[in-house]
Amino acid sequence: MFRAQLRRTVLRSHTPSIDISKRTFTTDPGFPPVKALRPTLWCLGVSGTIYLGCATYEVYQDVQSAKSRGFKADSKGYAGSYEALEDLSSNPNFRWATSPPRNYGLGLPGVLSEYTEAEKVMLGAAALNIGLYAACHISPSLSEHFSHTPAFGKNYTLLTSMFGHTGLLHLGLNMFGLLQFTPGVARSSTFEGSGSHLTAFLLSSGIITNLGQHMASIWPRPMERFAPSLGFSGALMAVLGAWAMTYPNAQVGIVLIPGSWPANQLVAAAALVELVGIFKDLPFLRWAHAAHFTGVVKFRDDNMGAPFPSIQSFYSREIPSSSSGTLVASSPAETGDGFTPSEVEEALDPLSRPWKPSRFYETCPIALLETGPRNYQITGRIVNFSTNQRQQKVQTSLEGHYFLVVADGSAAIAIKLYYAKISDYNLILGQRLTIWASYIADSTKAEIGYIPFCAVAATIYPGRNGATHIAFHSDAAGSEDYRSLRCPLECNLKKYDYLPDLMTLKAFLSTGYDMGEGKILVCIRSIGLRRTIRLKKRPGTVDMVEVGVFDDTASCVLKLWEDKVASAKTWVPNQTVLLISKPTCRVNENSKAEHGVSAEIGIGYSSMVDVDPDFPDANWPRNKVKTMTKKDRIYVPFPAETWNIEFAIHGPNRTLFTIAEVEEQVRHPDLTIDFTGKLNVVILEMNLMEHWRKGTTCCFECCGIPLYANKPIATCKNCGLQRELALNPRIIGSMIDESGMITASKLVWRDDAWSQLFFGITADETHVGDGEVYLSEQSWEDLTVLDTISLRDIEEYLLYSRITLTFGWSSMLERICILGVEW
């Protein structure tokens with residue numbers, strides 16, 4: 001990257017036009033004059049015209065795009081103000097000027113249709129430089145129009161000289177730098193892929209840097225007023241400076257020099273060298289130091305501005321009106337800075353603004369992604385993630401990044417998702433998301449380590465870079481989107497035989513974890529409390545939650561740490577199924593568990609977690625859980641809507657069954673209807689006092705964990721919610737009649753049935769303690785306020801009592817439900 005400066009006298013054909021003897025200068029009377037004011041005004045005027053013209057063209061594109069889609073802001077069909085055009089953009093059917101590429105065939109338009117507007121500008125600048133270099137070699141007389149000599153040059157050569165080059169090496173180095181650094185600058189939040197903005201930046205940079213070299217020929221280097229200068233390196237230095245500010249910590253190396261340095265430090269060192277070169281000759285570095293230094297300084301003015309540049313100044317501002325239609329004059333105090341409130345909010349919180357793609361993105365499965373600068377729209381589910389917070393001395397706008405692994409059933413991709421605040425995103429395992437990426441990297445070059453089926457990687461800068469974005473989806477349970485993308489990797493549903501490396505939990509805990517490639521399919525049994533653990537090796541604390549998992553062979557604990565804790569809140573005990581690939585395992589043989597050794601599993605860097613996967617092997621744990629739920633649930637809600645309870649208790653069709661007859665009827669293979677009847681039984685066993693002493697008189701299930709208490713209301717320790725408890729049916733051991741016995745713990749009781757059992761000795765009378773009788777309305781909840789003596793009296797009274805139960809059989813629950821009790 002050199003800027004040529006020819007150390008020779010200007011062409012003789014220009015010399016006679018200047019009479020040096022008539023010129024006098026205070027520095028050296030023998031030097032011809034160098035104009036300062038006129039070139040400065042010319043550069044400022046042309047640069048402003050270029051920026052205004054490019055911005056106007058961009059506005060024209062947006063308006064034409066709006067018209068082509070049938071949007072009209074006023075009666076004439078025009079977007080008459082900036083706010084009107086912004087209103088159009090808020091419509092979900094509206095997209096800015098860049099639209100999906102049309103089929104242009106195999107010609108030049110077809111080839112360029114795959115590139116963004118900014119990339120087209122970059123390629124056009126390179127082609128123009130190469131074409132003009134060839135033209136100057138074919139016709140040498142053109143060279144004087146593409147080089148600028150301060151003493152004899154014309155003003156227009158301040159612009160055209162940026163396209164001239166002295167040789168192939170000069171041209172090649174400049175074009176290499178242009179193609180190397182311009183794509184990153186174009187993707188930055190300042191340009192957001194705008195070809196018009198990039199065009200104005202390159203042209204104005206070339207003009208201003210040439211003006212800087214022109215002024216240096218007045219002071220401190222008057223001898224350079226005779227030396228023609230030309231080349232693209234002044235504008236390239238501005239591009240390099242903008243790239244270094246956008247990616248300050250990126251490592252940059254120099255050809256043939258070992259090592260690399262952070263971009264911001266390297267550019268600062270280059271600026272210092274150029275500044276020294278202006279005042280002092282540097283051996284082997286004889287180029288236009290003033291132009292290079294001006295380029296480094298100029299990029300700060302362009303790149304340090306508003307992070308989201310506005311073009312609203314090219315529209316007329318709308319004047320608010322009152323409800324009566326009269327115009328309301330704005331007070332001087334409310335003039336503002338010209339930005340709309342929405343623009344201010346977007347600048348302060350970039351993630352709050354709706355994202356509008358500025359280009360066409362191809363929807364593609366992960367397995368078919370091609371590496372390189374390509375625009376892809378990728379949808380998948382999070383199978384693993386971790387947080388990497390920055391701890392560095394250099395202050396940047398980014399706090400850190402998430403490392404995500406996203407899979408769609410065909411393959412996986414590694415995503416670096418940068419954030420300004422760690423609270424910007426709430427990542428959940430199994431969550432569906434869509435990313436818009438502009439560059440796909442090879443995972444081996446991205447240095448992400450070994451992750452199975454992950455051959456590509458991408459980086460997302462939401463809110464900073466208009467070319468990349470990410471969107472998280474909240475799908476309603478049971479919807480089509482909720483069921484999509486749940487097929488695990490290596491699973492071919494069309495020709496499914498088995499899932500490779502899938503093993504039982506017992507096999508994995510015994511020896512399977514030594515393989516390092518195992519998969520386990522488990523169901524969530526319980527979710528423990530969120531605990532804070534103090535670290536031993538370094539100061540600080542981390543959050544952890546223990547999740548109980550099981551299959552039909554074993555059970556263990558899955559530990560989730562720090563950022564993955566939030567995922568456990570979305571899982572439902574006895575319902576959510578996890579397919580964990582390459583889980584970590586820790587076996588503690590010194591601590592004996594209930595069955596074998598104590599073991600715990602975790603999610604490592606290369607692990608993958610599929611939440612509720614959709615493949616044949618995942619059906620049996622779901623069916624097993626349903627069976628276990630019917631058998632082992634401690635609390636089953638009473639199905640009040642199944643029967644007409646009053647008709648069942650007092651109606652004319654009240655059939656008296658024996659226990660044996662009920663069992664014969666419910667086990668009949670062709671009978672699946674609900675029915676009601678009566679049972680006359682004797683209470684053979686009472687456990688009221690035993691459960692009172694254990695504190696399990698009342699029960700409920702919350703978060704998959706049994707909740708017990710001796711009062712009707714208790715707080716779940718896992719979720720912190722207050723729950724209304726029901727009376728524990730296990731306070732009655734068993735009941736018999738002349739045909740058989742029934743275990744009362746499997747019965748589902750209605751609340752009024754409990755009240756009738758304990759306090760319904762007569763229709764409206766309740767006997768308590770010493771035999772005192774009084775009328776009242778009582779419920780089973782009154783048991784929780786009685787003392788132990790009263791509870792013991794009730795237990796002794798009910799033991800061996802004969803009662804008549806009005807029951808109903810629920811085919812859905814496959815249980816007998818008690819509707820009422822008669823004495």
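**View 1. Asn 574 sits in the loop between helix H15 (565-568) and strand S17 (577-581).** Helices (H or I, at least four residues) and strands (E, at least two) are DSSP runs, numbered from the N terminus. This is a predicted model, where local features need pLDDT of at least 70, side-chain atom pairs count only at pLDDT 80 or more, and totals for chains, interfaces and linings use all residues. Residues are numbered from 1 along each chain as its sequence is written, and side-chain values use heavy atoms, leaving out hydrogens and water. Although Asn 574 is not a glycine, its phi is positive, about 60°. Asn 574 is partly exposed because its relative accessibility is 29%; buried means under 20% relative accessible area, exposed over 50%, and partly exposed in between (1.4 Å probe, protein chains only).

**View 2. Asp 612 lies in the loop between strand S20 (608-611) and helix H16 (619-632).** Here too we meet a residue other than glycine with a positive phi, near 50°. With a relative accessible area of 17%, Asp 612 is buried.

**View 3. Ser 801 is found in the loop between helix H21 (788-798) and strand S33 (802-810).** Its relative accessible area is 10%, so Ser 801 counts as buried. Leaving aside residues up to four places away in sequence, Ser 801 touches Val 681, Val 682, Ile 683 and Trp 823 (contact means heavy atoms within 4.5 Å).

**View 4. A cis peptide bond joins Trp 219 and Pro 220.** Omega is about 15° for this bond. Look for Pro 220 in the loop between helix H7 (195-216) and strand S2 (229-230).
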